[in-house]
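Here are my notes for someone opening this structure for the first time. Have the model on screen while you read.

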Amino acid sequence: MSQSYPIGTPGKPWGEAEKAAWVAAQVVQRSYFDEVVCQLEELKDYFDIVQYGLLQYQSDYPLYLLKSQNWQNDKPVALITGGVHGYETSGVQGALRFARDKAAQYTSDWNLLIAPCISPWGYETINRWNPFAIDPNRSFVPNSPAPESAAIMLYLQELGANVLLHVDLHETTDSDNSEFRPALAARDGTEHTNWNFPDGFYLVGDSHKPEAAMQRAVLDAVEKITHIAEADENNQLIGSPVVQPGVVNYDTKALGLCAGMTGAPYVTTTEVYPDSPKSSAEQCALAQVAAVTGALDFVHSQAGR
């Protein structure tokens, strides 16, 4: 399978003109304020709503997270992030759903930080990139070129929180093949060769701290909601070797991934496939919630030993 892209010259990386043409073609398709910020306002009696940044693009996008009230420095910190790729809806809505329906069960044992939509421009335009044609989830690096990534990293640095657990909520959609992979190949002047993606939920662990037992506990929780992705004929998921059913590992810090930004000993990245005929948008959101609660329950059980 190969696909051309309407912007750029095959084999030649984009310059500023091509990036400008790309961003000019993007249109707002939904509202960050109506679908995300309004939900945050409904949680103000249970969380501190913190504005940790402001993106000044075609419109201004204030960046918000939820922080546990009655923060106590002797409690472990859990960070839940969603919407690093703005188009990945269940990550955003799953983080909000966890905050609304489940977080109260955990605040006696945890300090919670929930950043449900790190890339609001991407959420509104249903995009993987920001307006500079930069992928925020390759940009959690020093002097980040992505303002979305830089803002949350700076907040966490200034907070000085020692994060014990980080769950980063993602999904894979059919638009990865119809739009985002062809756009990436065009932007970089390369040819994309891997067009498969798994049907079902899977996890990406950190190759330097894989925490296989935690990943298994998360999948056990998710499996009550939706199906787990099976490996392909090469025993791979999305081109990476399966280390246990439903799990692959990446070097998250070297790749500039969100899951690598804190140095937390327990990290996992979720991936769910909302276009599967075997799952619904509701199941995908609930699977994200189950992943968060499964991780929290497992890490708390380990701390109590």
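1. Ground rules first. This is a predicted model, so to speak: local features need pLDDT of at least 70, side-chain atom pairs count only at pLDDT 80 or more, and totals for chains, interfaces and linings use all residues. Residues are numbered from 1 along each chain as its sequence is written, and side-chain values use heavy atoms, leaving out hydrogens and water.

2. Start with helix 2 (residues 32–41) and helix 3 (residues 89–101), which pack at about 10° with axes 11 Å apart. Helices here are DSSP runs of H or I with at least four residues, strands are E runs of at least two, and both are numbered from the N terminus. Axes are lines fitted to C-alpha atoms over the stretch in contact, with angles from 0 to 180 degrees between N-to-C directions. The pair is therefore roughly parallel (an angle under 35 degrees).

3. Which residues in helix 2 and helix 3 meet? Glu35, Val36, Gln39 and Leu40 come from helix 2, and Val92, Gln93 and Leu96 from helix 3; contact means heavy atoms within 4.5 Å. By type, the residues of this contact are four nonpolar, two polar and one charged.

4. Helix 3 has 13 residues and reaches 18 Å from first C-alpha to last, close to the 18 Å expected at 1.5 Å a residue (1.5 Å times one less than the number of residues). Ten of the 13 are buried, so helix 3 is largely enclosed by the rest of the structure. Buried means under 20% relative accessible area, exposed over 50%, and partly exposed in between, with a 1.4 Å probe and protein chains only. Val92, Leu96 and Phe98 are among the buried ones.

5. Now the largest nonpolar core, with 80 residues: Trp22, Phe98 and Phe201 are among those touching the most other members. A core is a set of buried Ala, Val, Leu, Ile, Met, Phe, Trp, Tyr and Cys residues joined through side-chain atoms within 4.5 Å. Helix 8 (residues 281–303) gives the most to this core, ten residues.

6. Valine 272 sits in strand 10 (residues 266–272) and is buried, at 3% relative accessible area. Beyond four places in sequence, its contacts include Ser90, Phe201 and Cys284.

7. Valine 141 is in the loop between helix 4 (120–125) and helix 5 (147–159). At 26% relative accessibility, valine 141 is partly exposed. Leaving aside neighbours within four places, valine 141 contacts Met153 and Gly256.

Notes: Parallel < 35°, antiparallel > 145°, perpendicular 65-115°, else oblique. Nonpolar A, V, L, I, M, F, W, Y, C, P; charged D, E, K, R; others polar.
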